[in-house]
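Welcome! Take a moment with the sequence and the 3D view before reading on, and keep both open as you go through the points.

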Amino acid sequence: MEIKAIRMFDGGFMTQSFAFGGEEGKEHFDEQIIYRSSLQNFLIDTGDEVILVDTGFQNDAPVPPKKLGSPLYMGEKVADYMESFAALGYKPEQVTKILVTHKHPDHTAALQYFPDATIYIGPEDAQAMKLEGDHVVPVTYDSGSYYNFPRAQKIAEGIWLIEAKGHTRGNSIVVAESNGLYYMMHGDVTYCDAALKANKLSIVFEDKEAARDTLDRVREFVTHHPTVYLSTHCPEGYENLALKRVMKL
């Protein structure tokens with residue numbers, strides 16, 4: 001199994017109040033403390049099939065501007081999603097499955113470029129996006145629990161889609177097991193690794209109580225399993241992957 005980063009933006013920043021302020025309130029954190037930001041999604045090559053975890057913005061999407069006081073600036077564009085995907089040596093028709101962590105466009109807008117892939121997505125987010133058709137699977141999480149997570153669905157050998165509500169009502173995370181490590185692709189459970197270590201929610205969620213429960217479960221899992229934490233919105237996402245760096249809380 002190989003896991004690869006599909007990189008789109010880099011060199012950005014987010015404020016501490018954005019990344020940490022979901023429960024106490026952003027006014028309790030320093031807007032002048034900033035963390036690095038980027039944008040990447042992930043690809044899993046099992047040897048038998050190619051599985052995407054999220055897709056980024058559609059081609060030629062406007063670049064979010066860099067503004068003084070912006071809570072989140074993703075950075076300068078490295079490549080469109082499909083350019084970065086192709087640079088890894090793949091073609092759209094090779095993708096068999098897409099695992100969507102949640103409905104936001106930086107995770108879903110390029111779904112349209114993979115018409116032959118089966119899309120797995122939490123039912124609440126599928127409904128919100130009005131995703132329909134034989135190629136869309138609103139996940140029922142019928143494989144039982146996955147360690148300390150109550151509901152999960154096995155997608156392929158060693159690959160699990162796990163219910164993780166909060167950021168959105170249909171939010172999920174993906175864990176891929178390989179060579180004794182657990183690669184956790186979590187969407188936006190946290191926006192930066194510093195928030196995971198500090199045990200802080202971002203200000204972006206649809207259900208705060210569920211988001212807190214999810215973050216608690218993620219931290220418990222990471223504490224007891226050698227986990228490579230693959231974030232979407234900070235460079236540690238692709239750096240942790242390249243180094244196979246295990247998260248330490």
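Which residue in strand 9 does Gln153 stand opposite? Gln153 stands opposite Leu161.

This is a predicted model, in which local features need pLDDT of at least 70, side-chain atom pairs count only at pLDDT 80 or more, and totals for chains, interfaces and linings use all residues. Residues are numbered from 1 along each chain as its sequence is written, and side-chain values use heavy atoms, with hydrogens and water left out.

**The whole protein**

- The protein has 7 helices and 12 strands; helices (H or I, at least four residues) and strands (E, at least two) are DSSP runs, numbered from the N terminus.
- Along its principal axes, the C-alpha trace spans about 45 × 40 × 35 Å.
- Of the 249 residues, 56% count as buried. Buried means under 20% relative accessible area, exposed over 50%, and partly exposed in between (1.4 Å probe, protein chains only).
- The protein exposes about 10800 Å², and carbon and sulfur atoms supply 49% of that area. Accessible areas come from the Shrake-Rupley method with a 1.4 Å probe, and for residues only the protein chains shown count as cover.
- Among contacts (heavy atoms within 4.5 Å) with a separation of 6 or more, residues 24 or more positions apart account for 63%.

- An open sheet is formed by 5 strands in the order 8-9-10-11-12, with mixed pairing. Two strands pair if DSSP finds at least two bridges between them.
- Strand 8 (152-156) and strand 12 stand at the edges with a single partner strand each, so one side of each has no neighbour in the sheet.
- From one strand to the next, the twist averages 25°.
- Strand 8 and strand 9 (residues 159-163) run antiparallel and are joined by 4 bridges.
- Helix 7 packs on this sheet and touches strand 11 (181-185) and strand 12, its direction making about 150° with that of strand 12. For such angles, axes are lines fitted to C-alpha atoms, for helices over the stretch in contact, and the angles run from 0 to 180 degrees between N-to-C directions.

- Strand 2 and strand 3 form a hairpin with 4 residues between them, and Gly47 in the turn has a positive phi of about 95°.
- Strand 2 is mostly covered, with 9 of its 12 residues buried.

**Salt bridges**

- Side chains of opposite charge can pair when their charged atoms come close. A salt bridge is a side-chain nitrogen of Lys or Arg within 4 Å of a carboxyl oxygen of Asp or Glu, and by this rule the count comes to 16.
- Lys200 and Glu24 form a salt bridge, with their closest N and O atoms 2.4 Å apart. Lys200 lies in the loop between helix 5 (193-198) and helix 6 (208-224), and Glu24 in the loop between helix 1 (16-20) and strand 2 (34-45), so this pair ties together parts that are 176 residues apart in sequence.
- Lys200 counts as buried at 18% relative accessibility, whereas Glu24 is partly exposed at 35%.
- Asp213 and Arg217 form a salt bridge with closest N and O atoms 3.0 Å apart. Both lie in helix 6, 4 residues apart, about one turn of the helix.
- A network of salt bridges links Arg36, Glu236, Glu239 and Arg245.

**A closer look at His233**

- His233 is found in the loop between strand 12 (227-230) and helix 7 (236-243).
- At 2% relative accessibility, His233 counts as buried.
- Leaving aside neighbours within four places in sequence, the contacts of His233 include Met14, Arg36, Asp106, His107, Asp188 and Tyr191.
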